[in-house]
Every structure is written in structure tokens, then in C-alpha cells.
Amino acid sequence: MLRVELRDVGKRFGSTLALDGADLEIEAGEIHALLGENGAGKTTLVRTLYGLVRPDRGEIRLDGRETRIDSPAHALSQGIGLVHQHAVLAPALTVAENLALGEKDSLWLPPARLAQRARTLLEAYDLALDPETPAGELPVAHQQRLGIVRALARGARLLILDEPTAVLAPSEVDSLLELLVRLRGEGRTVVFISHKLEEVTAVCDRVTVLRKGRTVATRPVAGLDPRELGRWMVGVDPPPPGEPPGGEVGSVALRAVGLQAGLLRGVDLTVGEGEIFAVAGIDGNGQAPLEEVFAGIRSLEAGKIEVLRSPLALIPGDRQRTGLVLGLAAEENLILVEAARGGSEPLFRWGLLRRSRLRESVRETFSRFDVQGEPAQPAATLSGGNQQRLLLARALRERPAVLVAINPTRGLDLAATGFIREELRRAARSGTAVLLVSTDLDEVLELGNRIAVLFRGRLYPVEAGRRTRERIGELMLGQVG
Ligand SMILES: Nc1ncnc2c1ncn2[C@@H]1O[C@H](COP(=O)(O)OP(=O)(O)OP(=O)(O)O)[C@@H](O)[C@H]1O
Ligand SMILES: [Mg+2]
């Protein structure tokens, strides 16, 4: 049976050190959990094992023999399969065709034979699917199961699942966990990435915790203290230096009461003028609906948002998808919000944009926020850091009384990160009420006057006097008491 060792794996993407000497040791026949904060390097690590990421350094040993894995096909030939969270595959092809994909010659089988083969495979794994259905039309849980069956059909003895349960309903999670146990019973090995403690303790034999690209610990799950797991995940270093903004907190500028939308299960919060209220937590605990209700693109199922001071500005969490219109010029993106409100003097007159004024005003903003690029350049062609500065500039140009910022420094280098954090502090000092939602714990500790943790759609305030990584780590894993 396959035994896997990764040693001292390093991988850099541009300015991001994704893996910084990570180790992973998988015993044959175990279910091995991989745990760590957002950005810890879990996905990158398993992708090196599946030939999707070429590490800068380190070694991979399969059954004791050093190996280089340079493609998924190669990984599969070694018995390693990886199933993505959204497991498909070829959405336009049928279930049967998907199962045949990648197998030599089998796509040339007559359709009836193909369907028959598919049925046998599906039955073996309790998956009652019509082989003729296009895979893209299946519910996500079935797509995922199909991805697993396909990997098994192609000979995977070690199956890697990257956050498979994040997209599943609770009953589907149970059935997936049962499948993992069954695979272990068949002598297969599973690497299971999850942020959910009870899934790890329910079925996993051992767990490896990654933090900032390094392996912190590998331990048997039995008898493990969840608090210790939390400490490994977030570390116990003192909070980073850098003053959380001080000063007077003025009257309430933003209030949310009993917000329910999607995952949100009744979120209450207030943000005062001049303070940064920071919401920590692992992605998938309600961050997306929280952003969407503040962006006004999702309606509340219950509760209300009171914006007591205006204007409110937003820095969306995904600069490419929701932040910018990539095909529009940088300068057009800068004034999108103003334009949407109808436009006012001096940039607009009679509802029309005055291009000459725009250029002038944009140059000023670019230099104030240090955006490197040409105003007329399509936003798509700016670097990530400059796209993010553009979003910051757009939000702060209006001198907002309330600013909602979602992961404002995700994926940025140190210089851009420092710049943006300082601007958020500066906005707060000048009286803006800032609601910061961030999966970056350092950021939350550095900026938040008050901190709360979003866990499963509820907000848990970090008690004054317990503002430590340790406490926040506990709350992030749901250790509320
Ligand atoms: N292709 C890439 N290009 C640039 N940066 C990347 C790339 N892939 C990953 N990163 C960065 O590497 C770091 C580690 O990312 P990775 O996806 O491995 O984390 P993760 O532990 O899987 O996090 P999550 O729990 O959010 O899935 C992050 O800072 C991420 O932004
Ligand atoms: Mg990941």
C-alpha cells in the first residue's frame, strides 16, 4: 500500500510564500486530515502531490522512493487521485462519458457498453445516477461523488479531497464521511482537507496542521484537545506590533440587527464613528452573505441594517469578480459608484461625464493612493496590488462615513498590504466607521479596536482582556465556552 512523504516543500507564487518547508507523512490505510487557516498552504501542498504545482524545493517519496510528479496523469499512474470541491469534470459530457474519460480507448466503446460499465461502477459506490445525464446537470453532491468514483475507477489508492464538505448539506456530509470510512476499510488511503473540527474527529486517524506554509504538528486524532488544535492553527505569538487605532469612538454609524441571509443565523453588530470593528473567521462561515447584504445585492431573510451616517462605501472581497469591471478603464472603474448615483459637479454636468475633469481628478487620486498605471488602461491589465489600490481609492474618494472592507489585502505583497492597512487606520482616525471582515488573523489583530469571530453564521465577540490568538483560534473552531 502507498505510503507518502513530503519533505521540506517550498513554493513561492510571485511575492507569496505559499509553502515554506512543509512536511506531510501519510500512512497507508489511514484517513489523514489537513487543517489550517485560509491561506496556510493546504491546497498548494496537496496539488504538489497531484502534479498540479511544481514545488521550488523539497522531496516527495512514495513507498520510500523519491519521485517527481509532474502531471495529474503521472500522479494517477502512481495511484494518487485528487477530487476538487466542485468535482466536474466535463459538464457537457454524460456521467458515463465522464467515467470513461482519460481511460485509454474506452470512449470508443459503443454507448450501451459505456453505460453498462458506468452502472456497475456507480452501483459499487451506491450512486444511483442515470449514466446518460450530462454531468453538469447533477446536483453538486452527485458531481462530487462522481469525481470520487472516477478517481477510484482510474486506480486511485490514495484519494485527496480538498474541502469536499464545504459545498455539501449536512446529510450529504454524513454520507461522504461514511464513504471515506468505507474506502479506508477497502485498504485505501485518504487525505481530507476540512475546516470542520467535528468532521476531523469523526472519521480521521491523524491530523496535520499547517500554518503559514509550514507544518506545525502531526498527531493522532484520538484524545486530541481541540484547544490545542486551535493554538497550532493560529499560533501563540503575541499580537503583531502596530497600534490598533486609538482615539474616541463616536456615536454609532452602522448597526446590524438579527441579520439572517443564507448562512447568517442572526448577526448583531454596531460600528462607531472612528473605530474599526474587525470580524475574523474562516471563509465559509457566512462571510459571503455578510458581504452581499452590505453590498445590497442580497436581500435579508430577517433583521435589518441601519446606516446612520452616509455615505457608505464598500471594498468588495473579490477584486476581479465583484470589485472591478475588468474591461473598463481604470478611471472608469474609479467613478463607477459616483456615476451609478447619477454623477455630480464638477465631474459630471447634466448627468454627463466631463472627460477632461475626470483625467485631472483621476491623476490626483492615483498619486494619492499610489496606483501604478495609466488612467485609460483597462482594469484587467493592472497588477493585483494596483487593482486593490484602485478599489481602496474608489471607496475612500467619497470620504465615506461608513466603510465596509472585505479581505482588503488578500494576496497582496507586504508593501501594498502595509499601505492599505495604514489607509484604513487613517480613515478611522478621521472618523470613518470601519467594518473589516478578514480571514487574515494578523490583519484583524493589527487593525481591530474590537474583534468578533464569525462561526457558522453567528458572531462571537472576543471578550476584552482575551484578545489573544489563542482565544480567537478557539472561537474560529467553535470552542465558544
Ligand atoms: N496560483 C497561485 N498564484 C498566486 N498565489 C497563490 C496561488 N495559489 C495559491 N496562492 C497563495 O498561496 C497561499 C496559500 O494558498 P492555499 O490555497 O494553498 O491555501 P489553503 O490553505 O488551501 O487556504 P484555504 O483554506 O483558503 O483554501 C495563499 O496566500 C494564496 O493566495
Ligand atoms: Mg484551499
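**A sheet, a domain contact and some backbone details**

Modeller: In this predicted model, helix α9, which covers residues 287–295, lies across β11, β12 and β14 and runs at about 125° to β11.

Colleague: What order do the strands take in that sheet, and is the pairing parallel or antiparallel?

Modeller: The sheet is an open one of 3 strands, in the order β12-β11-β14, and the pairing is antiparallel. The edge strands are β12 (264–272) and β14 (302–307), each of which pairs on one side only, and the twist from one strand to the next averages 10°.

Colleague: How many bridges join β11 to β14?

Modeller: Strand β11, residues 252–261, is joined to β14 by 5 bridges, with the two strands running antiparallel. If you want a place to look, A256 has I305 in β14 as its bridge partner.

Colleague: Switching topic, how is the chain divided into domains?

Modeller: Domain 1 spans 4–234 and domain 2 spans 252–476, and their centres, taken over C-alpha atoms, are separated by 34 Å. The contact between them takes 14 residues from domain 1 and 14 residues from domain 2.

Colleague: What area is buried there, and which residues of domain 1 lose the most?

Modeller: About 1,100 Å² is buried between domain 1 and domain 2, with carbon and sulfur atoms giving 50% of that area. On the domain 1 side, the residues that lose the most area to domain 2 are E37, N38 and V234, which together account for 41% of what that side buries.

Colleague: And how many salt bridges go across?

Modeller: The rule finds 4 salt bridges across the interface of domain 1 and domain 2, and it also finds 5 residue pairs in polar contact there, both residues being at pLDDT 80 or more. Helix α8, residues 226–234, supplies 5 residues, the largest share of the side of domain 1 that touches domain 2.

Colleague: What does R456 form a salt bridge with?

Modeller: R456 forms a salt bridge with E198, and the closest N and O atoms of that pair are 2.9 Å apart.

Colleague: Now the backbone: where is the peptide bond cis?

Modeller: The bond from S310 to P311 is cis, with omega near 5°, and P311 sits in the loop between β14 and β15 (312–315). The bond from E345 to P346 is also cis, with omega near 0°, and P346 is in the loop between α12 (336–340) and β16 (348–349).

Colleague: What about D8, is its phi positive or negative?

Modeller: D8 has a positive phi, near 50°, although the residue is not a glycine, and D8 is found in strand β1, residues 4–13.

Terms used:
Residues numbered from 1 in each chain as written. Chains lettered and ligands numbered in written order. Predicted model: local features only at pLDDT ≥ 70, side-chain atom pairs only at ≥ 80, totals over all residues. Heavy atoms only, no water. Pairing = 2+ DSSP bridges. Helix = DSSP H or I, 4+ residues; strand = E, 2+ residues; numbered from the N terminus. Axes fitted to C-alpha atoms, helices over the stretch in contact; angles between N-to-C directions. Contact = heavy atoms within 4.5 Å. Domains from an automatic or database assignment. Buried area = accessible area lost by both parts, 1.4 Å probe. Salt bridge = Lys/Arg side-chain N within 4 Å of Asp/Glu carboxyl O. Polar contact = N/O pair within 3.5 Å; in protein donor to acceptor, adjacent residues only side chain to side chain.
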